Amino acid sequence: MHGADGDHRPWTFYAFAAFFGLFVAFLYGPMIVIYILSFQGPQGGMTFPLNGVSLHWFYALVSQTRVGDIAGSFVRSIGLAALVAIITVALSVVAGLAFRRRFRGSVFAFYLAIASLIMPGLFVGLGIALTFRLLGLGTSWYTSGLGAQLTWTLPFGLLIMFAVLGRFNRSYEEAAIDLGATQWQKLNEVTLPILLPGIIGVALFGFTLSYDELARTALTAGSENTLPLEIWAMTTNVTSPTLYAVGAVTTIVSFAVIIVALSSIAAIERRRARSLTE
Amino acid sequence: MALVDQTVDGLAAGVMAPAESVAPDNSGERASWFQVAPLMVVLLLFFGLPMLVVLAVSFFDFDRTDIVPAFILDNYAELFRSEVTLRLYASSIKFALIVWAVTLVLGFNIAYFLVFHVRSLLWQIGLFLVCTVPFLTSNIIRMISWIPFLGRNGIFNQALEGAGITSQPLEFLLFSDFAVIVAYVHLFTLFMVVPIFNSMARIDKSLLEAARDAGAGRFRVVAEVVLPLSKSGIALGSIFVITLVMGDSFVVRTMSGGQSASVVSALQNEVAALQYPPAAASAVIMVIIVTLMVAGILRLVDVRKELAR
């Protein structure tokens with residue numbers, strides 16, 4: 001609706017736009033550079049110039065054993081991220097619904113979640129590692145590692161649910177009850193479908209935050225590394241573009257997940273908009 | 001996907017605003033407890049209990065191979081006696097303050113641009129996503145992507161030499177405090193942008209017009225209308241950035257090439273050497289100090305009151 005007066009922008013608009021452009025370049029520039037450098041030729045080094053173009057370093061990822069267990073850690077990370085996403089959706093969506101009523105202990109529950117969110121990750125990992133040690137349990141990525149990551153994704157999921165529920169119009173639920181729906185029908189056929197885009201958002205955050213998590217997992221993953229741990233070990237002993245190749249691959253995975261999540265949210269919103277006009 | 005940006009609204013709607021339901025009845029309360037219980041159990045088991053264990057272990061004794069249950073104050077005494085402690089805290093706090101200042105300036109201006117200059121909602125969402133997406137990709141990869149840029153033979157040095165500005169490569173760019181700060185700003189600015197964007201988005205635009213009509217210049221409108229009304233966002237962003245920097249060890253290790261240290265990176269060394277009780281004591285002190293910093297910010301800005309506004 002402002003389309004017509006687009007020509008009359010103040011000079012500050014252009015100053016801010018340039019500033020924003022620089023910020024975006026700062027944000028994406030270095031990342032783009034390492035994707036380009038991951039196609040470095042076999043003789044090439046860690047920086048420009050490009051010494052030919054090849055997929056050498058991507059092959060090195062899967063073939064060389066001396067870079068470590070990239071493939072294994074990749075599979076573990078995907079599995080763990082899927083598990084974290086499922087648990088985060090299940091627990092934080094249901095917990096979010098609880099906060100729509102006032103209940104004794106809600107303030108405690110809220111602050112516990114916030115504390116869990118902002119506590120330095122390494123401390124959480126240290127605490128879990130010590131607890132497992134004192135209990136005589138061994139640590140592994142699918143027990144202690146999973147728990148450690150949930151202390152980070154669950155509060156995040158809960159905050160997203162607060163945001164989603166804050167915009168939720170309860171009269172739809174009341175209408176369902178007035179029309180004779182049971183509690184279960186109301187939840188299943190009204191509340192959850194309306195909340196679906198938000199729930200996809202929770203799943204997106206659960207998956208990607210787990211997939212990239214380092215600080216909480218470092219002391220709790222046990223003997224088998226997740227991908228970020230493997231990459232971190234590489235940063236100290238690998239001085240070839242393999243490091244960039246692994247970065248390119250892992251970012252492609254992240255982007256694929258983001259695109260799938262965002263386009264399914266967009267598809268749902270479009271379908272809604274269409275059914276409203278029909 | 002205005003999910004994250006709605007977080008602050010969510011806090012207000014979900015927890016702090018008076019609940020819409022009438023008098024709390026018992027069955028409703030019981031239902032809420034059932035709903036929140038699974039999440040609480042996980043957080044208590046994997047966060048609450050482990051934190052109590054850290055507190056307990058900070059009083060334990062230890063030998064070469066194992067921790068020995070005890071109640072001694074030696075770990076704390078050692079911490080307070082050592083000069084290294086003070087140096088580490090000075091280093092961590094220095095990083096936190098510099099990164100806080102830089103991200104605040106960046107975050108405020110980016111949020112201001114998005115809220116007050118970008119007029120179409122679609123563009124606003126699009127540009128907001130452009131800022132948000134890197135947050136969902138790997139932090140380590142974003143960190144190491146500065147290496148080809150800042151290295152001795154990196155792009156920046158090549159450009160400077162190519163332009164004839166310098167004749168020798170600048171050495172301070174990579175593996176230095178400078179590189180650490182660049183990486184922190186790169187990783188954490190988003191945590192400042194989102195909350196400030198949020199509070200600015202709720203400012204009634206007619207207030208700005210009123211201020212302008214009353215004769216205030218651009219700068220005064222920002223200083224006397226926008227800034228005070230964005231206080232809660234600034235406070236939340238500051239809390240995020242300061243706790244992230246104070247709690248970090250991976251960025252400071254990698255980007256300083258081991259030349260700088262922070263409290264938490266020193267703690268990580270102790271853990272690697274299996275010295276759990278001193279590490280636990282150091283963690284306890286760190287949590288107390290960070291909590292005091294957060295409390296200080298909350299004292300300056302009553303976030304809850306601002307949110308309920």
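Me: Is A18(A) buried or exposed?
Reply: A18(A) counts as exposed, because it has 10 C-beta neighbours inside 10 Å. The cut-offs, with C-beta atoms placed from the backbone, are 20 or more other C-beta atoms within 10 Å for buried, 12 or fewer for exposed, and partly exposed in between. This is a predicted model, where local features need pLDDT of at least 70 and side-chain atom pairs count only at pLDDT 80 or more, while totals for chains, interfaces and linings use all residues. Residues are numbered from 1 along each chain as its sequence is written, and chains are lettered from A and ligands numbered from 1 in the order in which they are written.

Me: Which element holds A18(A)?
Reply: A18(A) sits in helix α1 of chain A. Helices here are DSSP runs of H or I with at least four residues, strands are runs of E with at least two, and both are numbered from the N terminus.

Me: And Y28(A), where is that?
Reply: Y28(A) is also in helix α1 (residues 11–37) of chain A. Y28(A) is partly exposed, with 15 other C-beta atoms within 10 Å.

Me: How many helices and strands in chain A?
Reply: Chain A has 10 helices and 0 strands.

Me: What about the overall shape of chain A?
Reply: Chain A is more spread out than a compact globule, because its radius of gyration is 23 Å, well over the 19 Å that the globule rule gives for 278 residues. The radius is taken over C-alpha atoms, and the rule is 2.2 Å times the number of residues to the power 0.38. Along the principal axes, the C-alpha atoms of chain A fill a box of roughly 70 × 70 × 35 Å. Of the 278 residues, 44% count as buried.

Me: At what angle do α2(A) and α10(A) pack?
Reply: Helix α2 (residues 56–63) and helix α10 (residues 242–277) of chain A pack at about 85°, with axes 8 Å apart. That makes α2(A) roughly perpendicular to α10(A). Angles of 65 to 115 degrees count as roughly perpendicular, under 35 as roughly parallel, over 145 as roughly antiparallel and the rest as oblique. Axes are lines fitted to C-alpha atoms, for helices over the stretch in contact, and angles run from 0 to 180 degrees between N-to-C directions.

Me: Which residues make the contact?
Reply: W57(A), F58(A), A60(A) and L61(A) come from α2(A), and T242(A), Y244(A), A245(A) and V246(A) from α10(A). Two residues are in contact if their C-beta atoms, placed from the backbone, lie within 7 Å.

Me: Which element of chain A has the lowest mean pLDDT?
Reply: α2(A), at 80, while helix α5 (residues 121–134) has the highest, 95. pLDDT is the predictor's confidence in each residue, from 0 to 100. The mean for chain A is 88. Over residues 1–6 of chain A pLDDT stays under 50.

Me: Switching to the interface: how many residues of chain B are in contact with chain A?
Reply: 75 residues of chain B are in contact with 78 residues of chain A. Helix α2 (residues 26–57) of chain B gives the largest share of chain B's side, 21 residues.

Me: What is the phi of F175(B)?
Reply: Phi of F175(B) is near 55°, a positive value in a residue other than glycine. F175(B) is in the loop between α8 (155–162) and α9 (177–201) of chain B, and is buried, with 20 other C-beta atoms within 10 Å.
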